[in-house]
Amino acid sequence: MPIPPGDLAEILGVISQRFGGARLCPVCEKANLSLNDAGFVTVQVVDRPLQFFAGRGYPCVSMVCVNCGNTVLLNLYNLGLSALVERLREPIPATEPPTDG
Ligand SMILES: [Zn+2]
């Protein structure tokens with residue numbers, strides 16, 4: 001599910017405020033980092049390798065270099081977007097099945 005447009009604008013606003021207009025890729029050093037608006041990434045932190053479904057998750061957005069494919073993750077809490085995280089924590093409402101009447 002893509003990031004909702006209003007949330008995307010908020011995230012882009014913070015990123016622009018913190019990094020300015022040119023977002024240089026740390027690998028190829030070209031200004032080609034682009035926010036992946038397809039969705040969020042959760043980085044799971046565990047105390048043992050290959051330990052799944054335990055530990056803590058950090059909500060992130062990913063930025064992908066369109067030149068070399070390098071992908072960087074930005075933690076939404078560190079960007080000061082904890083209110084956005086909490087707002088999106090709510091489950092997506094289930095779609096009501098169509099009724100006959
Ligand atoms: Zn690059």
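Of the 101 residues in the protein chain, 10% count as buried. The model described here is a predicted one. Two helices and four strands make up the elements of the chain, and their order from the N terminus is α-β-β-β-β-α. The radius of gyration is 17 Å, well over the 13 Å that the globule rule gives for 101 residues, so the chain is more spread out than a compact globule. Along the principal axes, the C-alpha atoms fill a box of roughly 60 × 35 × 25 Å. Among contacts between residues at least 6 apart in sequence, 51% join residues at least 24 apart.

Strand S3 covers residues 56-65 and strand S4 residues 71-75; the two run antiparallel and are joined by five bridges. Together S3 and S4 form a hairpin with five residues between them, and Gly69 in the turn has a positive phi of about 85°. Within this pairing, Val61 stands opposite Leu74 in S4.

Apart from neighbours within four places in sequence, Leu84 is in contact with Leu76, Asp7 and Glu10.

Strand S3 also holds Pro59. Pro59 counts as buried because 21 other C-beta atoms lie within 10 Å, the cut-off being 20 or more. Leaving out residues up to four places away in sequence, Pro59 touches Phe40, Thr42, Leu76 and Val85. Between Pro59 and Gly13, which are 46 residues apart in sequence, the C-alpha to C-alpha distance is 17 Å.

How values were computed: Residues are numbered from 1 along each chain as its sequence is written. This is a predicted model: local features need pLDDT of at least 70, side-chain atom pairs count only at pLDDT 80 or more; totals for chains, interfaces and linings use all residues. Two residues are in contact if their C-beta atoms, placed from the backbone, lie within 7 Å. Two strands pair if DSSP finds at least two bridges between them. A residue is buried if 20 or more other C-beta atoms lie within 10 Å of its own, exposed if 12 or fewer, and partly exposed in between; C-beta atoms are placed from the backbone. The radius of gyration is taken over C-alpha atoms; the globule rule is 2.2 Å times the number of residues to the power 0.38.
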